[in-house]
Amino acid sequence: MAKPPEPIDEVLPGAAAAVLAEVSRVISQDPQAPASGDPNATSTPHPAARQVVELKVSKVLFGSLAKAGATVQVIKPAGAYALRAGNKGPFVLGGKDVEILGRFGPDTWPEAAVVQAAARHGKS
(Lines give C-alpha, C1' and ligand atoms only; values in the text may rest on other atoms or scores of the structure.)
Protein backbone atom coordinates (compact mmCIF):
# COMPACT_ATOMS: atom_id res chain seq x y z
CA MET A 1 0.00 0.00 0.00
CA ALA A 2 1.30 3.46 -0.88
CA LYS A 3 2.27 5.83 1.89
CA PRO A 4 0.42 9.15 2.02
CA PRO A 5 2.46 12.36 1.87
CA GLU A 6 3.84 13.66 5.13
CA PRO A 7 1.83 16.47 6.69
CA ILE A 8 3.45 19.78 5.70
CA ASP A 9 3.80 20.72 9.39
CA GLU A 10 6.11 17.71 9.91
CA VAL A 11 8.37 18.72 7.01
CA LEU A 12 8.61 22.50 7.46
CA PRO A 13 10.76 22.53 10.63
CA GLY A 14 13.62 20.96 8.59
CA ALA A 15 13.13 23.20 5.57
CA ALA A 16 15.52 26.00 4.67
CA ALA A 17 13.50 27.30 1.72
CA ALA A 18 10.53 26.75 -0.55
CA VAL A 19 10.34 27.87 -4.16
CA LEU A 20 8.02 27.69 -7.11
CA ALA A 21 10.22 26.28 -9.83
CA GLU A 22 10.49 24.17 -12.95
CA VAL A 23 12.99 21.37 -13.48
CA SER A 24 15.14 22.72 -16.30
CA ARG A 25 17.26 19.58 -16.57
CA VAL A 26 18.26 16.37 -14.86
CA ILE A 27 22.00 16.65 -14.29
CA SER A 28 22.57 13.09 -13.09
CA GLN A 29 20.70 10.03 -11.92
CA ASP A 30 21.92 7.07 -9.90
CA PRO A 31 21.42 3.60 -11.39
CA GLN A 32 17.82 2.41 -11.10
CA ALA A 33 17.00 -0.78 -9.17
CA PRO A 34 15.85 -3.60 -11.45
CA ALA A 35 12.19 -3.49 -12.46
CA SER A 36 9.65 -5.96 -11.17
CA GLY A 37 9.28 -9.11 -13.25
CA ASP A 38 5.48 -8.77 -13.27
CA PRO A 39 4.36 -6.98 -16.46
CA ASN A 40 0.96 -6.27 -14.84
CA ALA A 41 2.41 -4.48 -11.81
CA THR A 42 1.17 -0.92 -11.31
CA SER A 43 3.85 -0.07 -8.77
CA THR A 44 7.21 -1.50 -7.82
CA PRO A 45 8.81 -2.15 -4.46
CA HIS A 46 11.91 -0.24 -5.60
CA PRO A 47 12.16 3.53 -5.17
CA ALA A 48 12.99 5.79 -8.09
CA ALA A 49 16.71 6.54 -8.17
CA ARG A 50 18.37 9.56 -6.56
CA GLN A 51 18.73 12.46 -9.00
CA VAL A 52 20.56 15.76 -9.14
CA VAL A 53 18.40 18.33 -10.91
CA GLU A 54 18.55 21.98 -11.84
CA LEU A 55 15.54 24.09 -10.84
CA LYS A 56 14.66 27.38 -12.54
CA VAL A 57 13.09 29.43 -9.74
CA SER A 58 10.08 31.59 -10.63
CA LYS A 59 9.11 32.64 -7.08
CA VAL A 60 10.60 32.30 -3.59
CA LEU A 61 8.00 31.31 -0.98
CA PHE A 62 10.53 31.59 1.89
CA GLY A 63 14.24 31.27 2.52
CA SER A 64 17.32 32.59 0.80
CA LEU A 65 18.72 29.57 -1.09
CA ALA A 66 17.77 31.13 -4.42
CA LYS A 67 16.25 34.23 -5.95
CA ALA A 68 13.46 34.44 -8.52
CA GLY A 69 14.95 33.98 -11.99
CA ALA A 70 17.96 32.03 -10.71
CA THR A 71 18.77 28.37 -11.14
CA VAL A 72 19.67 26.12 -8.24
CA GLN A 73 21.06 22.60 -8.21
CA VAL A 74 19.31 20.26 -5.76
CA ILE A 75 19.17 16.57 -4.88
CA LYS A 76 16.01 14.52 -5.31
CA PRO A 77 16.56 11.60 -2.92
CA ALA A 78 15.62 8.06 -3.89
CA GLY A 79 11.89 7.85 -3.43
CA ALA A 80 8.45 7.24 -4.86
CA TYR A 81 8.86 9.50 -7.89
CA ALA A 82 11.34 10.63 -10.54
CA LEU A 83 11.67 14.10 -11.98
CA ARG A 84 12.08 15.14 -15.60
CA ALA A 85 12.58 18.47 -17.35
CA GLY A 86 9.34 20.42 -17.32
CA ASN A 87 8.04 19.27 -13.91
CA LYS A 88 6.96 22.36 -12.00
CA GLY A 89 5.39 23.37 -8.76
CA PRO A 90 6.38 24.19 -5.19
CA PHE A 91 9.60 22.54 -4.02
CA VAL A 92 10.37 22.47 -0.29
CA LEU A 93 14.14 22.36 0.19
CA GLY A 94 16.35 21.53 3.12
CA GLY A 95 19.08 19.32 4.44
CA LYS A 96 22.83 19.52 4.40
CA ASP A 97 23.13 19.10 0.62
CA VAL A 98 19.95 21.00 -0.41
CA GLU A 99 17.53 18.14 -0.92
CA ILE A 100 13.93 18.20 -2.04
CA LEU A 101 11.80 17.32 1.00
CA GLY A 102 8.61 15.29 0.76
CA ARG A 103 7.79 11.93 -0.76
CA PHE A 104 5.88 12.86 -3.89
CA GLY A 105 7.59 15.69 -5.73
CA PRO A 106 6.53 19.21 -6.60
CA ASP A 107 2.80 18.52 -6.36
CA THR A 108 2.82 17.11 -2.81
CA TRP A 109 1.46 20.33 -1.30
CA PRO A 110 -0.18 23.29 -3.07
CA GLU A 111 1.54 26.67 -2.90
CA ALA A 112 -1.07 28.05 -0.47
CA ALA A 113 -0.47 25.17 1.97
CA VAL A 114 3.30 25.78 1.90
CA VAL A 115 2.85 29.53 2.48
CA GLN A 116 0.41 28.98 5.37
CA ALA A 117 2.66 26.38 7.01
CA ALA A 118 5.70 28.64 6.59
CA ALA A 119 3.83 31.42 8.45
CA ARG A 120 2.88 29.00 11.26
CA HIS A 121 6.56 27.96 11.60
CA GLY A 122 7.99 31.48 11.40
CA LYS A 123 9.69 30.92 8.04
CA SER A 124 10.15 33.98 5.85
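## Helices and strands

The protein has two helices and five strands. Helices (H or I, at least four residues) and strands (E, at least two) are DSSP runs, numbered from the N terminus. Along the sequence, the pattern reads α-β-β-β-β-β-α.

This is a predicted model: local features need pLDDT of at least 70, side-chain atom pairs count only at pLDDT 80 or more, and totals for chains, interfaces and linings use all residues. Residues are numbered from 1 along each chain as its sequence is written, and side-chain values use heavy atoms, with hydrogens and water left out.

## Inside and outside

The protein has 124 residues, and 37% of them are buried. Buried means under 20% relative accessible area, exposed means over 50%, and partly exposed lies in between (1.4 Å probe, protein chains only). The protein exposes about 7100 Å². Carbon and sulfur atoms supply 53% of that area. Accessible areas come from the Shrake-Rupley method with a 1.4 Å probe; for residues, only the protein chains shown count as cover.

Now take contacts, which means heavy atoms within 4.5 Å. Consider those between residues at least 6 apart in sequence: 66% of them join residues at least 24 apart.

## Strand 1 and its partners

Strand 1 covers residues 15-29, and strand 2 covers residues 51-62. These two strands run antiparallel, joined by 10 bridges. Two strands pair if DSSP finds at least two bridges between them. Alanine 21 has valine 57 in strand 2 as its bridge partner.

Strand 1 also pairs with strand 4. Seven bridges join them, and again the strands run antiparallel. Here alanine 18 stands opposite valine 92 in strand 4.

## A buried glutamine

Where is glutamine 51? Glutamine 51 sits in strand 2. Its relative accessible area is 0%, so glutamine 51 is buried. Its side chain makes a polar contact of 2.9 Å with the side chain of glutamine 29. A polar contact is a pair of N or O atoms within 3.5 Å; within protein, one must be able to donate a hydrogen and the other to accept it, and residues adjacent in sequence count only if both atoms are side-chain atoms.

Leave aside residues up to four places away in sequence. Glutamine 51 then touches Val26, Ser28, Gln29, Val74, Ile75, Lys76, Ala82 and Leu83.

## Salt bridges

How many salt bridges does the structure hold? There are four. A salt bridge is a side-chain nitrogen of Lys or Arg within 4 Å of a carboxyl oxygen of Asp or Glu. One of them joins the side chains of aspartate 9 and arginine 120, at 2.9 Å from N to O. This pair links distant parts of the chain: aspartate 9 is in helix 1 (residues 8-11), arginine 120 is in helix 2 (residues 111-120), and they are 111 residues apart. Aspartate 9 is partly exposed at 34% relative accessibility, whereas arginine 120 is exposed at 51%.

Another salt bridge joins glutamate 54 and arginine 25, whose closest N and O atoms are 3.5 Å apart. Glutamate 54 lies in strand 2 and arginine 25 in strand 1, so the pair ties together parts 29 residues apart in sequence. Arginine 25 is partly exposed, at 42% relative accessibility. Lysine 59 and glutamate 111 also form a salt bridge, with closest N and O atoms 2.8 Å apart. Lysine 59 is in strand 2 and glutamate 111 is in helix 2, so this pair ties together parts 52 residues apart in sequence. Both are partly exposed: lysine 59 at 41% and glutamate 111 at 27%.

## The two sides of helix 2

Which residues of helix 2 are buried? Val114, Ala117 and Ala118 are buried there. They lie on the same side of helix 2, because they cover an arc of only 105 degrees around the axis. The arc is that of the directions from the helix axis to the C-beta atoms. An α-helix has 3.6 residues a turn, so residues three or four places apart point the same way.

The buried residues of helix 2 pack against helix 1, strand 1, strand 2 and strand 4. On the other side, Ala119 and Arg120 are exposed. Just after helix 2, glycine 122 takes a positive phi of about 70 degrees.

## A loop residue

Aspartate 97 is in the loop between strand 4 (88-94) and strand 5 (99-100). Aspartate 97 is partly exposed, at 45% relative accessibility. Its C-alpha atom is 7.5 Å from that of valine 74, 23 residues away along the chain.
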